Amino acid sequence: MTASFINNIDLTDFKTLLLLYLMLFAIILFRYALLSGSYYYVFHVVFKKKYADRMLATKMPTAKQIKREVRLSVYSTFVFGLVGVALLVLWQNGYTKIYMNPTDYPLWYFPISILIFMVLHDTYYYWIHKWMHEYKWLRRYHLDHHKSVNTTVLTSFSFHPVESFFQAIILPILFTIVPLNIFAILIILLLMTFSAIINHAGVEVYPSNSLFRGFRKYVIGATHHDIHHRHVQKNFGLYFTFWDRLMKTEY
Ligand SMILES: [Zn+2]
Ligand SMILES: [Zn+2]
């Protein structure tokens, strides 16, 4: 099936591009506000007592921190929107491996494609993140994110725009390498935002029982990333712990 949806938009027209960009900006920002706001409401308001002994923050965030996180999150959204438009242009011109019809590939490939994407994304993030801590010229862009030591749901998108660009640019690149169904992409985008919120919300939500022991060992959660904000030379991973384990950077 051809990507009729994308082919019906005139991406050579500046006004259309601008309108698409504004729409993407609004969608990304609204989705972020909705997800982070709901997450905060569930774990810090509704189940506050239940999760009281699982809170990670040692101090309440200051108004200055919240203002900075909101401002940087909006800047990040500007960048994510731009990369989103660039992706649409690449897609329309046939440079990506995005497919619309789920049966274009075997159905078992659908979950596998999401996993492949996440492993590749995690690998890219681990190394770019580690380099942001090692190289001075990159570190200055990452410092904005680390100004939040006691992280909040709003730390999730709180990056210097240059860092946001580094974070987002891998998506169109991976979409040109890994064949992904459009719904797999939507799931990935959701997982990406959720994982960022879970890891920064300042509350450990993954159960500590033996059933989840394996999961917590290999999948990064709030505790793992909270440690990174306090011990900056440890725990660089994004979704999985294997790079930290392999490179002996796990706390
Ligand atoms: Zn860092
Ligand atoms: Zn962080």
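Biologist: Which word describes Tyr-126 and Phe-236, buried or exposed?

Modeller: Burial is read from relative accessible area: under 20% is buried, over 50% exposed, and in between partly exposed (1.4 Å probe, protein chains only). Here Tyr-126 is buried, and Phe-236 is likewise buried. This is a predicted model, in which local features need pLDDT of at least 70 and side-chain atom pairs count only at pLDDT 80 or more, while totals for chains, interfaces and linings use all residues. Residues are numbered from 1 along each chain as its sequence is written, chains are lettered from A and ligands numbered from 1 in the order in which they are written, and side-chain values use heavy atoms, leaving out hydrogens and water.

Biologist: How many aromatic pairs are counted?

Modeller: Rings of Phe, Tyr and Trp (its six-membered ring) pair if their centres lie within 6.5 Å; planes under 30 degrees apart are stacked, over 60 edge-to-face, and the rest tilted. The count here is 20 aromatic pairs. For Tyr-32 and Phe-157, the ring centres are 4.0 Å apart and the planes stand at 5°, so this pair is stacked. Tyr-32 belongs to helix H2 (residues 14-46) and Phe-157 to the loop between helix H5 (136-146) and helix H6 (161-177), so the pair ties together parts 125 residues apart in sequence. Such elements are DSSP runs numbered from the N terminus: helices (H or I) of at least four residues and strands (E) of at least two. Tyr-32 is buried at a relative accessible area of 3%, and Phe-157 is buried at 8%.

Biologist: How are the rings of Tyr-126 and Phe-236 arranged, and which residues join them in a cluster?

Modeller: Their centres are 6.0 Å apart and their planes at 85°, so the pair is edge-to-face. Tyr-126 lies in helix H4 (residues 109-134), and Phe-236 in the loop between helix H9 (222-230) and helix H10 (242-246), so parts 110 residues apart in sequence are tied together. Ring pairs link Tyr-126 and Phe-236 with Trp-127, Trp-131, Tyr-239, Phe-240, Phe-242 and Trp-243 in a cluster.

Biologist: Which residues are donors of the zinc ion (ligand 1)?

Modeller: Donors are N, O and S atoms within 2.8 Å of the metal (3.2 Å for Na, K and Ca); water is not among the atoms, so sites may look incomplete. The zinc ion (ligand 1) is coordinated through NE2 of His-129, His-133, His-142, His-146 and His-228, at 2.0 to 2.1 Å. Their spacing in sequence is H-x3-H-x8-H-x3-H-x81-H. His-129 lies in H4 and His-142 in H5, so the two tie together parts that are 13 residues apart in sequence. His-129 counts as buried at 0% relative accessibility, and His-142 counts as buried at 2%.

Biologist: What are the donors and the geometry of the zinc ion (ligand 2)?

Modeller: Four donors count as tetrahedral if all angles lie between 85 and 135 degrees; four count as square planar and six as octahedral if opposite donors are over 155 degrees apart and all others between 65 and 115; anything else is irregular. The protein donors of the zinc ion (ligand 2) are NE2 atoms of His-145, His-200, His-225 and His-229, 2.0 to 2.1 Å away. The angles among the 4 donor atoms run from 91 to 157°, and the site is irregular. Along the chain these donors follow H-x54-H-x24-H-x3-H. His-145 is in H5 and His-229 in H9, so the pair ties together parts 84 residues apart in sequence. His-145 is buried at a relative accessible area of 1%, as is His-229 at 3%.

Biologist: How many residues of H9 are buried, and against which helices do they pack?

Modeller: H9 is mostly covered, with 7 of its 9 residues buried. Among them are His-225, His-228 and His-229. The buried residues of H9 pack against H4, H5, H7 and H10, where contact means heavy atoms within 4.5 Å.

Biologist: Where is Asn-235, and what is its phi?

Modeller: Most residues other than glycine have a negative phi. Asn-235, in the loop between H9 and H10, has a positive phi of about 55°. Asn-235 counts as buried at 1% relative accessibility. Lys-248 also has a positive phi of about 55° and is found in the segment after H10. Lys-248 is exposed, at a relative accessible area of 69%.
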